[in-house]
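Biologist: Please take one part of this structure and go through it closely, in plain terms. I would like to know what sits around it and how the rest of the chain relates to it.

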Amino acid sequence: MIQGNRRLAEQPVPLIDPTRCDGCGLCVRVCPTGALAVKDGKAIVATPEACNYTGLCEAICPTRAIRRPFEIVVLDEKTTKVE
Ligand code: SF4
């Protein structure tokens with residue numbers, strides 16, 4: 001199970017695939033807000049409210065275990081019309 005999905009609608013946090021994570025801790029070291037931790041040999045989002053979505057974790061992960069989901073919102077013509 002990929003951790004983090006349930007928070008996507010409220011506050012997005014990185015998703016971590018534990019089958020790919022080897023617990024190296026690089027993401028924890030680069031996170032500027034201390035949102036991540038390694039527990040039982042796997043990365044977790046320990047402090048979700050601290051995450052500011054910098055993407056450094058995603059960029060540094062050697063196994064591509066952590067990634068940031070983005071929600072695409074399609075606005076209709078009325079909503080996007082500029083007068
Ligand atoms: S950098 Fe990737 S492999 Fe290393 S602990 Fe973080 S999520 Fe796991």
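Modeller: Leu26 touches Ile60, Cys61 and Pro62, leaving out residues up to four places away in sequence; two residues are in contact if their C-beta atoms, placed from the backbone, lie within 7 Å. This is a predicted model, in which local features need pLDDT of at least 70 and side-chain atom pairs count only at pLDDT 80 or more, while totals for chains, interfaces and linings use all residues. Residues are numbered from 1 along each chain as its sequence is written.

Leu26 and Pro62 are 36 residues apart in sequence, and their C-alpha atoms are 8.6 Å apart in space. Leu26 lies in helix H1. Helices (H or I, at least four residues) and strands (E, at least two) are DSSP runs, numbered from the N terminus. Leu26 counts as buried because 20 other C-beta atoms lie within 10 Å. The general rule is that a residue is buried if 20 or more other C-beta atoms lie within 10 Å of its own, exposed if 12 or fewer, and partly exposed in between, with C-beta atoms placed from the backbone.

Gly25 belongs to the loop between E1 and H1. Gly25 has 13 C-beta neighbours inside 10 Å, so it counts as partly exposed. Gly25 and Val38 are 13 residues apart in sequence, with 6.4 Å between their C-alpha atoms.

Strand E2 (residues 36-39) and E3 run antiparallel and are joined by four bridges; two strands pair if DSSP finds at least two bridges between them. Val38 stands opposite Ala43 in E3, and Ala37 has Ile44 in E3 as its bridge partner. E2 and E3 make a hairpin with two residues between them, and Asp40 in the turn has a positive phi of about 55 degrees. Most residues other than glycine have a negative phi, and most peptide bonds are trans.

From Ile44 to Cys21, 23 residues away in sequence, the C-alpha distance is 9.9 Å.

Ile16 lies in strand E1 (residues 15-16). Ile16 counts as buried because 22 other C-beta atoms lie within 10 Å. Ile16 and Lys42, 26 residues apart along the chain, have C-alpha atoms separated by 8.9 Å.

The largest nonpolar core has 15 residues, and those with the most contacts inside it are Cys27, Leu36, Ala43 and Ile66. Helix H1 (26-30) and strand E3 (42-45) are the elements that give two or more residues to this core. A nonpolar core is a set of buried Ala, Val, Leu, Ile, Met, Phe, Trp, Tyr and Cys residues joined through C-beta atoms within 7 Å.

Two loop residues have a backbone angle to note. Tyr53, in the loop between E3 and helix H2 (56-60), has a positive phi of about 65 degrees although it is not a glycine. Arg64, in the loop between H2 and strand E4 (66-67), has a positive phi of about 55 degrees and is not a glycine either. Arg64 counts as exposed because it has 10 C-beta neighbours inside 10 Å.

As for the protein chain as a whole, there are three helices and four strands, in the order β-α-β-β-α-β-α from the N terminus. Of its 83 residues, 20% count as buried.
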